[in-house]
Amino acid sequence: MTEKRVLEDETPATTKTMRYDRQLRLWGDEGQVLLENASICLFSMTTLGCEILKNLILPGIGRVSVVDNRTVTREDIQCNFFLSSNDLGKSLAPAALTRLQRLNSDVKTDYYNLSISEFVHHHLDTLKSFSIFIACNVQYEDVREVVQVAWDANIPFIFANSLGMYSDVMVVIKEHLIVESKPDAVLPDLRLDIPFTELLDFYQQVDFSQFNDTEHAHIPFITILLKCLDQWKQNHNGEIPLNYKEKVAFKQLVNNLRRKSDEENFNEAIANVNKCIVKTTIPSSLQRLFNDSRSSNLSPCSHPFWVTCAALKQFYNVKGVLPVTGMLQDMTSDSQSYITLQNIYRNKALSDAEQVWVYVQNICKKHQIPLIAKPYVFKMSKNSPFLRVFETNPSKVNADVLRENLEVYLDDPNGIAHIPILFEAYFNFNSEKGYPPGIDTQNIPTDESEFKDIVCSLQKKYGLPDVYPSLLVEDFVRYGGVEVPSVSTFMGGVVGHECIKLITHQYVPVNNYFVYNGTTQQTAVFTF
């Protein structure tokens, strides 16, 4: 009876929280809402396409639409886990979608049994309703019109290809604004070099000589560093230790305050000298945003991101520093001191955010911009050091970048930087012949010779060094247009993650071409 009553008391909200518990810890409730309201349009239901959808359906993407008019072949069944022998000859998209939707019944799915050109012709007006477009093993020319619509509407378009042991991903988007980039390595924002009034008041009330040994071993390392900095500045014209020699001397100053050798808080203080005793500066990435014309030439159509950037710039010009982030790391401390410090930093962050909010209101009034939501401004203020803008080139291939990247791999004629050219050659061959190279084992020598000619012509077209990737050419022909499930599974995870980054505006997407060589287990990122 008890178990049944518990199940009956569960609400949809708690059930959803339990289902998505792990991912909610990554992108939070707000990110999950964005994910559940997003819609994906996939061109071509390849093995890679199915793996991408799997990684979006499981976390609860809102809607998935597939454009594919092909039927299931034996080759599809052999390399796609979401197809069975019973699907042979059936329409490919619904056959795979039926099994994919079983992974998460909350996700809506539909399909268009049309070619890409037919879909674009009949549904051009609905393209802007999608959040992301993904094209799997599709030639650029086949989706050029969709790419242009996506570019004009600032909708991400992802090209993903998989052939044998090789795969690549390219993200194309005009402007992607990231408020929560969540970098892996972040220096603590403690402002020890220029302590604000509330922090200074807290430190000045602490008298080390009044503590017993237990209390002394639980002084927060921030307080220890502030005391030592006070002493250091008195003897160094108000400057903080900056170079290696000065920091070694400063660490000795911290050591001199110890009472016992095993005081963990003093170990933490010494360990944090290099990270926390630094000059408070503005990150170069944020300075570029402040210098960007979009944060100065504001209009009623300006995005809230750029309006808030303008307000943050105004805050920085007045205060000389950015708003405090308010984040405090764990440390050895008594509870009362830690809570006090936590409240000091949190309240300072809120106070700074309120000032940014005032600037935003004034800017909106001046430029007749609709008032921005206050929580958005507060979030940008808290994350101001980590704001990012991600932009790409609308063209598929940038010859200058290809030349630059290939020069790095000149010693290896089969280096990973050759793969983008080989994929383009593969699609060109497929377009000219109507079939992928190597699909007929009887014609492999002929296909390889013709494929080589296309590769060489592309190298000449882009002004690339005359380095012939013989082993890669042989592989591309030998696979005969077939995907390897393990490679598509790996890349499906990569593309799924990139989609989630783009939808939630959290974390930084790959910039902007990712390539994988499964034979050598190499990966690389090139910016086109």
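Helix 17 (residues 335–367) has 33 residues and should span 48 Å at 1.5 Å a residue, and its end C-alpha atoms are 47 Å apart, which agrees. The expected span here is 1.5 Å times one less than the number of residues. Just after helix 17, Gln 368 takes a positive phi of about 55°. Helices (H or I, at least four residues) and strands (E, at least two) are DSSP runs, numbered from the N terminus.

This is a predicted model: local features need pLDDT of at least 70, side-chain atom pairs count only at pLDDT 80 or more, and totals for chains, interfaces and linings use all residues. Residues are numbered from 1 along each chain as its sequence is written, and side-chain values use heavy atoms, leaving out hydrogens and water.

Strand 1 (residues 39–43) runs parallel to strand 2 (residues 63–67), joined by 5 bridges. Among the residues involved, Ile 40 has Val 64 as its bridge partner in strand 2.

Now for the cysteines. The structure holds 0 disulfides (pairs of cysteine sulfur atoms within 2.5 Å). For Cys 41, the nearest cysteine sulfur is that of Cys 136, 11 Å away. Cys 41 counts as buried because its relative accessibility is 0%, whereas Cys 301, at 74%, counts as exposed (buried means under 20% relative accessible area, exposed over 50%, partly exposed in between, with a 1.4 Å probe and protein chains only).

Conventions. Two strands pair if DSSP finds at least two bridges between them.
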